[in-house]
Every structure is written in C-alpha cells, then in structure tokens.
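Work through the exercises below with the sequence and the model at hand. Each task is followed by a solution in steps.

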Amino acid sequence: LKLRGHTAEMLRVGCAAGPLRAWTRQRLCVSHFRRGGAMISEERRARMESQGWDVVGSHSATKLCRWTKSMLQGKGGCYKHTFYGIMSHQCMEHTPNVSCANKCVFCWRNHINPVALDWKFDQDSPESILEESLKKHYATIERQCLSPNALEHRKVEARQVRHCALSLVGEPVAYPAIAKF
C-alpha cells in the first residue's frame, strides 16, 4: 500500500473467479480509512442491498444462505447439517464486521468491502446488532415461507434461529465486542 496525496494505491492479483491477470491497481480514497464514521457508506449500502444483503447498523450484515432456503423446501442442508446435525433452516448467516484485513485471491468472499487492519469505525452495540439482525433475518424467512415449495413443519422451525454462521463476509473476530455475543 503506497500513500500518494489523498489516495492509496493498492496492488493485488486479479480476480480468482476469472483468468489470473497481471497485478492490477485499485485506488482507494484515504479519507475512507480515517478514524470514526460508518464502515458502510451509503453507496456501499445500496450496492450490498441490491445484491440481497441486509445491512445492519454501520458495520454488520446478514443474508439468506442458499442452504437455509434449500432446507426450508426439503431439499437438503449444508455440511453443518451433514456433519453436526445443525438444521440449516434454523441458521442465520451474519457478520458483525464486513471489513477484512486481507484481499486473499483464494477467498470465496466478494471483496467489495473495506480493508482495515484495526478497528477505525463507529462501533454499534452487540445487543443492537443482534436485535436488528434477527429482525431482518426473520423478515427474510417470512418472505421465503410464502413460497408454495416451503414445507409447513419447516416454516414453523425456521421462525426460531438456533445457530449463527459468522462466515458471511469480512473478519467477524475483528469486531471489538465479539466476545459479548
């Protein structure tokens, strides 16, 4: 990362989803990395919501996992169901921190979120994050329950989250209050 004036220039390898290209340059506004303020800008929020994310507060997000939908319809669950018996339709996919310290080329995440080596942003309380995340997750589940493919007994079960997968995006353990969840 090289600082030049008011921009930071970051070199990274091309997208792993496409052909591996030579180093590409990405310019990032340095003011975005100043201390304080929301991690998720209004522009980023709009882009995330257009991709099916539910943004929670200023730095968290939740999204319906494809396995939650699949199991709600009786089509099977994820590896956690296979190996540990976790019912995928009762699992909420969430992260309390959408930023990450890296942009690894092998990562399955989408790399649209900020890079941060330490916490530089406003911090929402764990209670408000959990409350809003559950509210948004349950609203998504209710929309899925309208499908004629959703099984009746699974609809009832899906209305009670029993597990939370913190692997959505970002680095959840970088959230300073992660231990309070």
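**Exercise 1.** Decide whether Ser58 is buried or exposed, and find what surrounds it.

Solution. The model is a predicted one. Step one is the accessibility: Ser58 has a relative accessible area of 10%. The cut-off for burial is under 20%, so Ser58 counts as buried. Step two is the position: Ser58 sits in the loop between strand 4 (54–56) and strand 5. Step three is the surroundings. With residues up to four places away in sequence not counted, Ser58 touches Ala38, Met39, Ile40, Asp122 and Asp124. Met39 and Ile40 are also among the residues with the most contacts inside the largest nonpolar core.

**Exercise 2.** Describe the nonpolar cores.

Solution. Start with the largest, which holds 16 residues. Met39, Ile40, Met48, Trp53, Ala61 and Val98 have the most contacts inside it. In soluble globular proteins, nonpolar side chains tend to be buried together.

**Exercise 3.** How many cavities of 30 Å³ or more are there, and which residues line the largest?

Solution. The count is one cavity of 30 Å³ or more. The space in the largest cavity is about 30 Å³. Its lining consists of Asp54, Thr62, Lys63, Leu64, His137 and Thr140. Strand 5 (60–63) and helix 4 (126–145) are the elements that give two or more residues to this lining. Sorted by class, the lining residues are one nonpolar, three polar and two charged.

**Exercise 4.** Summarise the chain as a whole.

Solution. First, the elements: the chain has five helices and seven strands, in the order β-β-β-α-β-β-α-α-β-α-α-β from the N terminus. Next, burial: 39% of the 181 residues count as buried. The accessible surface is about 10600 Å², with 56% belonging to carbon and sulfur atoms. Last, contact range: of the contacts between residues at least 6 apart in sequence, 62% join residues at least 24 apart.

Note on methods. Residues are numbered from 1 along each chain as its sequence is written. This is a predicted model: local features need pLDDT of at least 70, side-chain atom pairs count only at pLDDT 80 or more; totals for chains, interfaces and linings use all residues. Side-chain values use heavy atoms; hydrogens and water are left out. A nonpolar core is a set of buried Ala, Val, Leu, Ile, Met, Phe, Trp, Tyr and Cys residues joined through side-chain atoms within 4.5 Å. Buried means under 20% relative accessible area, exposed over 50%, partly exposed in between (1.4 Å probe, protein chains only). On a 1 Å grid over the protein atoms alone, a cavity is a set of points where a 1.4 Å probe fits but cannot get out, and a pocket is an open set with protein on both sides within 12 Å along at least five of seven lines; lining residues have an atom within 4 Å of a point. Grid points are joined across faces, edges and corners, and a volume is the space filled by probe spheres set on the points. Helices (H or I, at least four residues) and strands (E, at least two) are DSSP runs, numbered from the N terminus. Ala, Val, Leu, Ile, Met, Phe, Trp, Tyr, Cys and Pro count as nonpolar, Asp, Glu, Lys and Arg as charged, and the others, Gly among them, as polar. Contact means heavy atoms within 4.5 Å. Accessible areas come from the Shrake-Rupley method with a 1.4 Å probe; for residues, only the protein chains shown count as cover.
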